Amino acid sequence: MQDLFFALIFGEIKSSMKKYVLLVLTALSILACKETEEVAVVEKPFDWSASNVYFLLTDRFNNGDTSNDTIIKRDLPTGKLRGFEGGDFAGITQKIESGYFTDLGIDAIWLTPIWEQIHGSVDEGTGNTYAFHGYWAKDWTAVEPSYGTYEEFKELVATAHQKDIRVLLDVVINHTGPVTAMDPQWPDEWVRTGPSCTYQNQETAVTCTLTNNLPDIRTESDQEVEVPQILIDKWEKEGRLEQELKELDDFFATSGLKKTPVNYLIKWVTDYARETGVDGFRIDTVKHVEEDVWATFNEQAQLAYQQWKENHPDQMIHDDNFFILGELYGYEASGGRSYMFSDGAVDYFDYGYDAMINFGFKRHAIAPYKELFKRYDQFRDSLLLENPNDPAYFMNYISSHDDGQPYDGQREKTMESATKLLLTPGMTQIYYGDESARSLVIEGTEGDATLRSTMNWDEMNKEVLAHWQKLGQYRHNHPAVGAGDHYSLPHDGAGTVFARWYENGDNKDQIIAGAGLEDGEHTIDVRKVFPEATQLRNAYTDNTLKVTDGSVNLKAVNSVFLLEAIH
């Protein structure tokens, strides 16, 4: 009965079973004998599939330069938390320099879109709103002045790279911002203003508008078009018309692409990979664009990033491919690679995507630790086995900027949220304030504004923050946590004790951890993972432990212990 219950919770379409477990354990024990004493806490390979990603809204994170707060006149009254609050590139850079992200064990920072936003405001039924969030584009070729300058953004990326932190830039290519008195509609050959999406099939999710007054780019159009006059006039006024037109001519000549609406967008967006060195894109509204467009977009993103690497060899911190993370609304890792429309399935991984945001985790996280970890190891295995030559990854989260049903909306289980999120197989998304118990219930807000308050720097819960930091650093230091094979170890009592083994080429890693345990003393048999170790470290308590007769005596604190080898 319990297995049936959890199968329903997890919405499994398929699951994988481990074969020859005893054989694998034996082989890995032999490997561990050779590798144990060589594992270094501070040296670890990077693996996107195990990465710890911090997601923030630039405007809401940290105000580092008050001089740009009102650089654009946006002074009409708004609904609560629906105007610009002052966060900017300088504020993010300051926090990178201070070590805030390093202390959290962050591998990559994901920022909401940075290009120039519409100048006017609209009321969609939740109060008058300005485009503080970054999803209402006015001009993809310029950065939003309220966030800072293009040079400041490049400095942000360079500063992150100096700290061995990668940067993911949020991108949108399926719609412009709303039409206002200050922001005219683009020409009809560029955008449609109807019909509204009905989601009856794939077509009615693609060739349609997401909401009223959100003009939809004609991504399906094969018709060549000219640059909208509103952009021509803007660029001329800003003194960059000749340069922008020359770049467009060069791009189309080099790429061989037609001058269709979406191909202009592809050029403008991939310029950020070509010119700034960001390490990847998080792509918004995946299912609202045709698959062949994504194939072209993602190919051009890879080429653009390669150009940046060739032009900036001294600034490279890795030689990996450009990473593509998708927001395919409703996608769950439990369902495998494909996304189901009513008229058929689409495997977006086949069109250049590396990973998808997993919308199922916040629901699955109600399960006990042992069941949760086991099932997610199966999801990971199933995805990898579907197409071993084209790995597919997923990113878990507990809260986000537009999900009105987070795992812990009242912030009553902040410690448990961290433990479940950061110790579950897969990539992780920390939404700004998860780690500091930033409230998701703000009195007086309407709609998603309640999820988007300013970062609570002056009211941080230090105990909660320390818990997230310890778990985040452990995940950062050990790719086995997010990308290793998972095995439950014998344990009586609350919670679970488990081991994970990771091997990717010459890179090997192994850990033992416990979650959901009773606080206090525990004796843990470590022989299967660390057969020759004489000492281990509990990374949670920062204690060195003596191994006696194949076991260690340790203390679980906040229901957790985190064992690792000592170099």
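Biologist: Are tyrosine 331 and phenylalanine 349 buried or exposed?
Modeller: Let's start with the rule: under 20% relative accessible area is buried, and over 50% is exposed. Keep in mind that this is a predicted model. In it, tyrosine 331 and phenylalanine 349 both count as buried.

Biologist: Both of those have aromatic rings, so let's talk about rings! How many aromatic pairs does the structure hold?
Modeller: Two rings pair if their centres lie within 6.5 Å. By that test, the number of aromatic pairs in the structure is 42.

Biologist: How are the rings of tyrosine 100 and tryptophan 457 arranged?
Modeller: Their centres are 5.0 Å apart, and their planes stand at 75 degrees. Planes over 60 degrees apart count as edge-to-face. The angle between tyrosine 100 and tryptophan 457 therefore makes the pair edge-to-face.

Biologist: Is tyrosine 100 itself buried or exposed?
Modeller: Its relative accessibility is 9%. The cut-off for buried is under 20%. Tyrosine 100 therefore counts as buried.

Biologist: Back to tyrosine 331 and phenylalanine 349: how are their rings arranged?
Modeller: The ring centres are 6.2 Å apart, with the planes at 70 degrees. Because of that angle, the pair of tyrosine 331 and phenylalanine 349 is edge-to-face.

Biologist: And how far apart in sequence are the parts that this pair ties together?
Modeller: Look for tyrosine 331 in the loop between strands E11 and E12. Phenylalanine 349 lies in another place, the loop between strands E13 and E14. The parts tied together by the pair are separated in sequence by 18 residues.

Biologist: Is the crossing of H4 and H6 left-handed or right-handed? And which residues of H6 make the contact?
Modeller: H4 passes H6 in a left-handed crossing. From H4, the contact uses Phe89, Ala90, Ile92, Thr93, Ile96 and Glu97. By class, the contact of H4 with H6 has 7 nonpolar, 2 polar and 3 charged residues. On the H6 side, the residues are Glu152, Phe153, Glu155, Leu156, Thr159 and Ala160.

Biologist: H6 also meets H10. What does their crossing angle make H6 relative to H10?
Modeller: The axes of H6 (residues 150-162) and H10 (residues 261-276) come within 11 Å and cross at roughly 60 degrees. That angle is why H6, relative to H10, is oblique.

Biologist: How many charged residues are in the contact of H6 with H10?
Modeller: The crossing of H6 and H10 is right-handed. Tyr150, Phe153, Lys154 and Val157 of H6 meet Asp271, Tyr272, Glu275 and Thr276 of H10. By class, this contact has 4 nonpolar residues and 1 polar, while the number of charged residues is 3.

Biologist: How many of the residues of helix H14 are buried?
Modeller: H14 spans residues 414-423, and its buried residues include Met415, Ala418 and Leu421. The helix is largely enclosed by the rest of the structure because the number of buried residues, out of 10, is 9.

Biologist: Now for the loops. Is leucine 81 buried or exposed?
Modeller: Leucine 81 is found in the loop between H3 and H4. It has a positive phi of about 60 degrees although it is not a glycine. With a relative accessibility of 13%, leucine 81 counts as buried.

Biologist: And aspartate 549: buried or exposed?
Modeller: Aspartate 549 lies in the loop between strands E22 and E23. Its phi is positive too, near 55 degrees, in a residue other than glycine. With a relative accessibility of 72%, aspartate 549 counts as exposed.

Definitions and conventions:
Residues numbered from 1 in each chain as written. Predicted model: local features only at pLDDT ≥ 70, side-chain atom pairs only at ≥ 80, totals over all residues. Heavy atoms only, no water. Axes fitted to C-alpha atoms, helices over the stretch in contact; angles between N-to-C directions. Helix = DSSP H or I, 4+ residues; strand = E, 2+ residues; numbered from the N terminus. Parallel < 35°, antiparallel > 145°, perpendicular 65-115°, else oblique. Left-handed = near helix turned anticlockwise from the far one by under 90°. Contact = heavy atoms within 4.5 Å. Nonpolar A, V, L, I, M, F, W, Y, C, P; charged D, E, K, R; others polar. Buried < 20%, exposed > 50% of the residue type's maximum accessible area, 1.4 Å probe, protein only. Phe/Tyr/Trp six-rings, centres within 6.5 Å; stacked < 30°, edge-to-face > 60°.
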